[in-house]
Amino acid sequence: MLLDVDLLLKLHCHRFNMTQNRAKWTTRYEKGLVEILTEYNLSHYRGQNGWTTEGWNQVVKELNNLYPEARFTKDQVQDKEAQLKKHYKNIKSIVNRSGISWNGVACVINTTPEKWEEIIAEDSKLKMYEGKKFPLV
C-alpha cells in the first residue's frame, strides 16, 4: 500500500511541475514581448539562426522586469516567440493571396466566405484564422 501512495505522490508532483512550467500569456504580455523583441532585434543579439543566448537572456530579463508577476522562463518566451512567428507567417500567406486583404483597423483578414472555403480546403489548419482578430500583426 505504501508503494501506491508513493507512486500517486510522484505522479501528483510531476503533474504539478508540468503545470507550473506553462505560462499564462495575456494579450498584454504578448504585446510586451513583441515590443521587446523589436527593441532587441539588433545584430549583437542575433546569430545566423536567430537570437543568441545573450539576446534571449536580455529579452526574458526585460519581459520579467516589465511584468514581474508573470515570472517567465527562457523556454516559455522562446515557445511564445515561435508561436507568434508561426501565426504571423500563416496570416501573411493568407493575405498574399488574390482577393484577400488585411484590415489594419479591425486587425482581421478581409475576404469572402468562398475564399475562406478555398483556403481551408488547401490547409485545414488555417481555419483558426477565419474571423479572428490579430492585434499584434
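**Figure 1. Burial and overall make-up of the protein.** Buried residues, meaning those under 20% relative accessible area with a 1.4 Å probe and only protein chains counted (exposed is over 50%, partly exposed in between), make up 26% of the 137 residues in the protein. The model is predicted, and local features need pLDDT of at least 70, side-chain atom pairs count only at pLDDT 80 or more, and totals for chains, interfaces and linings use all residues. Residues are numbered from 1 along each chain as its sequence is written, and side-chain values use heavy atoms, with hydrogens and water left out. The protein has five helices and four strands, where helices (H or I, at least four residues) and strands (E, at least two) are DSSP runs numbered from the N terminus. Along the sequence these elements follow the pattern α-α-β-β-α-α-β-β-α. Contact means heavy atoms within 4.5 Å, and among contacts between residues at least 6 apart in sequence, 49% join residues at least 24 apart.

**Figure 2. Helix H2 and its buried face.** Helix H2 covers residues 27–39, and at 1.5 Å a residue its 13 residues should span 18 Å, which agrees with end C-alpha atoms that are 18 Å apart; the expected span is 1.5 Å times one less than the number of residues. The buried residues of H2 are Tyr-29, Glu-30, Gly-32, Leu-33, Ile-36 and Leu-37. Seen down the axis of H2, these buried residues fall within an arc of 160°, so they line one face of the helix; the arc is that of the directions from the helix axis to the C-beta atoms. An α-helix has 3.6 residues a turn, so residues three or four places apart point the same way. On the other side of H2, Thr-27 and Thr-38 are exposed, while the buried residues of H2 pack against strand E2 (50–51), helix H3 (53–66) and helix H4 (74–95).

**Figure 3. Helix H3 and its buried side.** The buried residues of H3 are Gly-55, Trp-56, Val-59, Val-60, Leu-63 and Asn-64. They cover an arc of only 160° around the axis, which puts them on the same side of H3. Lys-61 and Asn-65 are exposed on the other side of H3, whereas its buried residues pack against H2, E2 and H4.

**Figure 4. The nonpolar cores.** A nonpolar core is a set of buried Ala, Val, Leu, Ile, Met, Phe, Trp, Tyr and Cys residues joined through side-chain atoms within 4.5 Å. The largest such core has 16 residues, and those with the most contacts inside it are Trp-25, Leu-33, Trp-51, Val-59, Leu-63 and Val-77. The elements that give two or more residues to this core are H2, H3 and H4. Apart from this core lies another, of nine residues, among them Ile-91, Ile-109, Trp-116 and Phe-134.

**Figure 5. Aromatic pairs.** Rings of Phe, Tyr and Trp (its six-membered ring) pair if their centres lie within 6.5 Å, with planes under 30 degrees apart counted as stacked, over 60 as edge-to-face and the rest as tilted; by this rule the count comes to six aromatic pairs. The rings of Trp-25 and Phe-72 have their centres 4.1 Å apart and their planes at 20°, so the pair is stacked. Trp-25 is buried, and so is Phe-72. The rings of Trp-51 and Trp-56 have their centres 5.9 Å apart and their planes at 55°, so this pair is tilted.
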